[in-house]
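This report covers the strand pairing, the helix packing and the salt bridges of one structure. The sequence and coordinates come first.

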Amino acid sequence: MKIYREGDKSKAVCETDGLTTTTFALRDVPFEDGKGVAQNILVAVCDKCGAVVATPPQSTPAIKAAYDRATVSIEANLPSVYTDALDLAAYRIDAGLTTEFRKPLLMYYINRYAADRNLSRQLADSLIETKAFFEDAPKAGRGSARRRLSMKITPTNSRDLEAVAEVTALNKTDVIKSVIGCIHKDIVAPEKPKGLKTLRMLAAVAS
């Protein structure tokens with residue numbers, strides 16, 4: 001596979017000029033969905049009209065990295081016991097972790113569910129159990145405090161969350177609740193947390 005440099009020549013199809021010669025140059029490239037720009041990316045520019053007509057494979061990782069830096073905000077208003085469960089899971093993984101690990105841990109689990117539709121479907125079934133454990137307080141007013149879980153995630157993470165919501169037919173808040181319930185069952189509840197080695201590697205990378 002050839003690597004291109006600024007000033008190299010090639011040919012490509014331009015929407016305006018048809019088959020044309022091109023020159024490779026650094027340009028700012030808008031994302032296809034219009035939500036941001038990848039800056040200073042090597043692209044093929046039409047020699048006749050100056051339009052960007054192609055991007056070489058070597059530019060793809062930089063474009064993806066720029067796209068993933070664009071953030072999407074998600075918020076969920078939850079009983080505080082849910083965020084406490086996330087923080088306790090983080091503590092069991094590594095006592096030095098802070099609340100900043102909530103997002104990597106939550107997104108790690110959501111990515112796993114997004115990659116496996118059958119696994120995702122289990123979230124809908126486990127939501128009732130999760131709500132019963134976290135929300136059905138035996139006395140009026142007990143555990144009634146609420147906390148807003150607010151984080152900025154990448155478009156890729158957002159698509160994963162949307163995919164899980166679609167498969168489970170749950171809204172995003174209930175997806176997050178059910179995932180936290182699964183995190184609790186995997187990490188907090190058992191004597192030996194499930195997948196601890198992998199989670200500690202995740203913590204090392206995320207911290």
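Four strands form an open sheet in the order β1-β2-β3-β4, with antiparallel pairing; strands, like helices, are DSSP runs numbered from the N terminus (E, at least two residues, for strands; H or I, at least four, for helices). Two strands count as paired if DSSP finds at least two bridges between them. The edges of the sheet are β1 (9–14) and β4 (52–54), each with a single partner strand, so one side of each has no neighbour in the sheet. From one strand to the next the twist averages 60°, with axes fitted as lines to C-alpha atoms (for helices over the stretch in contact) and angles between N-to-C directions running from 0 to 180 degrees.

The model is predicted: local features need pLDDT of at least 70 and side-chain atom pairs count only at pLDDT 80 or more, while totals for chains, interfaces and linings use all residues. Residues are numbered from 1 along each chain as its sequence is written, and side-chain values use heavy atoms, with hydrogens and water left out.

Six bridges join β1 to β2 (residues 18–30) in the antiparallel sense, and cysteine 14 stands opposite glycine 18 in β2. The antiparallel pairing of β2 with β3 runs over eight bridges, with arginine 27 opposite isoleucine 41 in β3. Two bridges pair β3 with β4, again antiparallel; here alanine 44 stands opposite alanine 54 in β4. The hairpin of β3 and β4 has five residues between the strands, and its glycine 50 takes a positive phi near 85°.

Strand β3 (residues 37–46) is mostly covered, with seven of its ten residues buried. Buried means under 20% relative accessible area, exposed over 50%, and partly exposed in between (1.4 Å probe, protein chains only). Asparagine 40 is found in β3 and counts as exposed at 53% relative accessibility. Asparagine 40 also has a positive phi of about 60°, although it is not a glycine. Another positive phi in a residue other than glycine, near 60°, belongs to alanine 169. Alanine 169 lies in the loop between α5 and α6 and is exposed, at 69% relative accessibility.

Among the helices, α7 (residues 196–206) has Leu196, Leu199 and Ala203 buried. Seen down the axis of α7, these buried residues fall within an arc of 60°, so they line one face of the helix; the arc is that of the directions from the helix axis to the C-beta atoms. On the face turned away from the buried side are the exposed residues Lys197, Met201, Ala204 and Val205. The cover over the buried residues of α7 includes α2 (80–93), α3 (102–114) and α6 (172–188), where contact means heavy atoms within 4.5 Å.

Histidine 184 has its place in α6 and is buried, with a relative accessible area of 14%. Beyond its neighbours within four places in sequence, histidine 184 is in contact with Ala85, Phe133, Phe134, Ala189 and Pro190.

Two packed helices are described by the angle between their axes and the distance between the axes. The axes of α3 and α4 (residues 117–135) come within 6 Å and cross at roughly 115°. Arg112, Tyr113 and Ala114 of α3 meet Arg117, Leu119, Ser120 and Leu123 of α4 in this contact. The contact residues divide into four nonpolar, one polar and two charged.

The structure holds eight salt bridges, each a side-chain nitrogen of Lys or Arg within 4 Å of a carboxyl oxygen of Asp or Glu. The table gives some of them.

| Lysine 9 | Aspartate 47 | 2.9 Å |

Aspartate 47 is partly exposed, at 35% relative accessible area. Arginine 102 lies in α3 and aspartate 87 in α2, so their pair ties together parts 15 residues apart in sequence. Arginine 102 is buried at 16%, whereas aspartate 87 is partly exposed at 22%. Lysine 131 in α4 and aspartate 174 in α6 link distant parts of the chain, 43 residues apart. Lysine 131 is partly exposed at 28%, and aspartate 174 is buried at 13%.

Conventions. Nonpolar A, V, L, I, M, F, W, Y, C, P; charged D, E, K, R; others polar.
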